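Hi,

Here is the structure I said I would pass on.

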Amino acid sequence: MNKHLKMDAPQPRVLDETRQGILGKGISRTEGPKKVSGSATYAGDNHPDGMAHGVLLRAGITKGKVTGFDESAAQKIDGYVGLFHGPKFIRNNAQGMADEAPVQPDCEVHYHSQPIGLVVAETFEAARDAALAIKVSYDEEGALVDPKSAPQEDQGGPDVGDLEADMGRADVTVDEIYTTEAQVSAAMELHGSVAQWNDGKLLLQSSLQMLKFNRNEIADSLGIDPENVRILAPYVGGGFGSKLGIGADAVSAAIAARDLGRPVRVIMPRQTVFDAVLRRTETEQRVRLGARSDGTITSIGHDDLVSNLEGEGFAEPTSQASQFLYAAPNRKMQQTVSRNHRTPSGSVRAPGEAVGMLGLEVAMDELAERLGMCPVKLRLQNVPERDPDSGVPFTAHSLTEALKRGAQEFGWKDRKANGARREGEWLIGMGVASAARKNMLLPAKARVTLDGDKAVVETDMTDIGTGSYTIFAQITAEALGLPIENVEVRLADTDYPEASGSGGSFGASSTGSAVFLACQSIREEIAAKCGANDFTLKDGQVTAGGKTTALSDLLDAPLSAVGEIEKGQTSEDHLSSGFGAHFAEVAVNEVSGEVRVRRMLGVFGAGRILNEKTAKSQLVGGMIWGIGAALTEEAAHDPRTGHIITRDLANYHVASHADVPEQIDTILLEERDDYANPIQAKGVGELGISGAGAAVLNAIYNACGVRVRSFPATPDKVMAGLDAM
Amino acid sequence: MTVNGEERSLDLDPRTSLLDALRDDLRLTGTKKGCDHGQCGACTVLVNGRRINSCLTLAAMHDGDEITTIEGLGAEDNLNELQAAFVECDGFQCGYCTPGQIMSATGMLNEAAEGMPSHVSADLNDGVDLSDAEIAERMSGNLCRCSAYPFIRKAISSVATKEAAE
Ligand code: FES
Ligand code: FES
C-alpha cells in the first residue's frame, strides 16, 4: 500500500477537516525528556567495545604536496596505533546533496589546515599527542588567498531591461558597496563519527543532516557499494548546513576502522571544525536601486563577488531574494566567483539570503532616506504582483500583511528622526527589513504503520533541533485521529525509507508531506473497511454513518503504507516563498560605539504552522543569528595563508545570552500554501535569519546617523562614523 | 571521587580532563564537549556544588570531590523541576548545549540564593533579584547556537520565581 504524489496541482486542505486537533498546537518536543536528562545519544557519545581514538592530522601549508610523514617520535608514544592517509581521504566536506565523493586530493594540499591523515591511538590523549609528534614534509607552492587578486569566474545572472540607462534617468538612486565577512555554522556539537565494520558492512554513527545522500557520498569515497553502508544519526547537535555532506571525520574513521578491524571514533576539535568544515564565503555586494520621486522602484541591481576553492560547485546565491522581493522593470544581478585557497565555502543557514538581504535591505533603507519616505511605506509600495523575472504568480504571499501588522505591533509610529532619541550616553533607534526565503519541495518517503490505535513512523529523516520527531507525530496523530502518545517516530536510520534530509528549510514540509501521504493511504484503507467515504477519526476511534468503532476493533491486522512526494508542475507555474518583516530597536553608546539590541519583532507568513512552539523557537533562533551577523560574527583570514585566525568560540563571536534581549517576539500569520505541498506548509528554519540583521543595522542608522556598510558593525566601525560626524 | 552520589575510582592517564573521564571512562555522556577550551559551557558540571567547565580541569585534580552531572539531576522519566521547565518552555532545539545550560543554571540558582552579585547587579550587598538581565549575565558562559536563549531564560526564571515564593 503506497501513495505517491507529484505536486502537479494545488491540494485540498485535508488537515483542516480532521478532528484530532493536535496539528499546529505548541506541544512540547516529544524527545525533550531525553535531551534534558542527557540520555539522547549524539554521534560522539557512542563507545563500542574495543574502540580506538583518531585525531585528524592537518596541513601546515596552504598549497603544495605532502612528500612524507616522519612517525618516529609518535611511535614512541604509549598507545600509538598508527597513521592513515592516502588517495581515499577527502579534502573537505561534501556539498549539500552532492551524492558522491568530494574531491580526493591524495597528497595534494589546497588550503591551510586541510586534513591530510588520521592518527590513531588507544586513548584520545595519546592520539592527540601523537598527532603533534608527527613531522610532515612538503613541497610548498605559492597560493592566492585574497578574493580580489585571485582568478575570477563570471557566473552571470538575471539581466532584464536596461539597468544602466534607467539608473541615469531615475529621480533618486542608491549605488553602494556592502561587504560581509566569512561566517561559520558553529553548531554546538563537534563534527564527529564512530565507524565500525561487520562482515564487510560499514556502520557509521555520525553527525549528519541528509542521510540518503551521505550514504552515497561515503560509499563513493571508500569505493564500496552503498548497500554496504548503514548510517545512524538519531540526535544531531545542530547543523545549519555544516553537516549536509560527509566530512573527513567519517571517511578517515571508516578507513582506519576497516584496516584495524576495530571501531574508530574521530571527533574534530573545535579548531578543526573552523578550519576544515565548509564556511560561508565573505561577500562584496554592489547594490543599485533607482526610483521615481513617488517611491516607485524602477531599477534593482545586485552584483556580488564570493569565494570558493577550485572543484567546488557551490557559490553563495547572494542575490536570491533580490530576484523576486520587489518589483522593478530593470534588473541586473551578476555573480563573480573568486577561485582562491581559503577554506572552501558551502551552505550556512539561509545561503544567499543571510548575507544578500543585509546588502539589499540596508540599501532599501538608504533609498527611503534619500526619498524622504518611511521605509515601511517604500517596501509596501513595491511589493510585486507576480515574480518579476518569470512572470509566474506567487503562492500565498504575506509580505504586505507582515509589514503592516509588524509596524503596528512594534510601535513603528513612535520612531523618531535620526539621532533624536537619547537616554544618557545611549542613542536609541528603530529599523525595519523584509524577510523572504524561497520555499522548496524535495523528494521524500516515509512509512507509517498503524496497529490498532498505535502508529509508528519510520523515515531516514534527521531531527537537528528542527522538531521532526514532534511534528511527524503531530501529522500522524492528526491524520489518523490518535492521541499523540500513541505515535512513535523513528528517524535517521538509512534502513528506513529515504527522506528529504534536513536542509534548505524543506525538511518539515517535504518529509512531513510523505508522512501525511502514508497516513492518507491508511485512511483510504480505513474508509474501505467501514464502507464509507464520509468518516471521522478521533482518539483512536472511527465514526461513520452514525456508528463509532474503536480502531483496534476495526483492524484485524496492522496497516502499513509508504508515502512519497515529489515536486511537479506547481513549482514551474508558481513561486512559493516564505515572507515576513523584521523590526528592531537598538541602543548605540556614543562613547564606546557599542550596540545593544533592545527588542525585536518578526512577523512571518510560512504556510501552515505544524507546531507553534517549535516554529517560533526556530524563527527566534534565526533572528538571533541576525544579531550575530549584524554585530559580531566574523571569521577573519590570515592575509598570508588564508588560514582562519578567529578559529574558536572565544574569537568568533556567536550571540550569547547577554547579546539577546528578553523581548524578541514573533507573530505567525494564518496562511495556507496550497501549491507548495499537500500539508500547505512552508519552511521556517531560515526565514527568521533572512533580513533580521538588516533591521538591526538600519536601527543603528536611525539611532545615531552612522551608516555602516561593512558588516558586522563592530564598535570600531560605529565609532569611526560617530567621530566623523 | 563521588559522581552523582556514587563512589567511583579510576586509573587514568594523568592528561585526562574531568570531561573526558566522565564521558569516556564513566560513560556518562550527558555532559557534552563543544570546544574543550572553556569557551562554550557545554561541559558544565557541579564540583562540590559549584559549577565549572569540566574540560578545563584534570580528572586527577578531583580526588575526593563530589561531582554532579546531568544524569544526577533526574532521569528521562523523573525530571526535576528545572529539566521539566526546559521541556515546557522549549529551552533547546538540538539539545546539545542543554545539559550544560541546566547544570549551569542549577549552580547559578545556588549562587543567587547565597546572594552572590554579578556584573549587572545594582547593589553588591542587597541580595539578588533574578531579573532577566541578571539571568542573562550569569548564564552568558553557556552558548547555544540554536539560540534558544529567551526560552532558556524563561525556563530558569519560572523555577527561580517558584523557589523565591517558597
Ligand atoms: S567543552 Fe568545556 S567549555 Fe566548551
Ligand atoms: S539547543 Fe542546540 S545549541 Fe543549544
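The side chains of A:S500 and A:T511 are joined by a polar contact of 2.8 Å (a pair of N or O atoms within 3.5 Å; within protein, one must be able to donate a hydrogen and the other to accept it, and residues adjacent in sequence count only if both atoms are side-chain atoms). You'll find A:S500 in the loop between strand 23 (487-490) and helix 12 (507-530) of chain A; helices (H or I, at least four residues) and strands (E, at least two) are DSSP runs, numbered from the N terminus. A:S500 counts as buried because its relative accessibility is 1% (buried is under 20% relative accessible area, exposed over 50%, partly exposed in between, with a 1.4 Å probe and protein chains only). Beyond its neighbours within four places in sequence, A:S500 is in contact with residues including A:M210, A:F213, A:L442 and A:M461, where contact means heavy atoms within 4.5 Å.

Before you go further: this is a predicted model, in which local features need pLDDT of at least 70 and side-chain atom pairs count only at pLDDT 80 or more, while totals for chains, interfaces and linings use all residues. Residues are numbered from 1 along each chain as its sequence is written, chains are lettered from A and ligands numbered from 1 in the order in which they are written, and side-chain values use heavy atoms, with hydrogens and water left out.

As for scores, the model has ipTM 0.98 and pTM 0.98. Chain B averages a pLDDT of 96, with 100% of its residues at 70 or above (pLDDT is the predictor's confidence in each residue, from 0 to 100).

Now the interface. Chain B puts 53 residues into the contact and chain A puts in 62 residues. About 4600 Å² is buried between them, with carbon and sulfur atoms giving 55%; that is the accessible area (1.4 Å probe) that two parts lose on being put together, summed over both. The interface has 7 salt bridges, each a side-chain nitrogen of Lys or Arg within 4 Å of a carboxyl oxygen of Asp or Glu. There are also 33 residue pairs in polar contact between the two chains, both at pLDDT 80 or more. Helix 5 of chain B gives the most to the side of chain B that touches chain A, with 5 residues.

B:R23 is buried at 6%, and A:D45 is buried at 8%. Another is B:R15 with A:D129, at 3.0 Å from N to O. Here B:R15 is partly exposed at 34%, as is A:D129 at 29%.

Within chain A, A:R331 forms a salt bridge with A:D389 at 3.1 Å between the closest N and O atoms. The two are 58 residues apart and link distant parts of the chain. A:R331 is buried at 1%, whereas A:D389 is partly exposed at 31%. A:D16, A:R608, A:E670 and A:R672 are linked in a salt-bridge network.

Last, helix 16 (residues 692-704) of chain A: 13 of its 13 residues are buried, so the helix is largely enclosed by the rest of the structure.

Cheers
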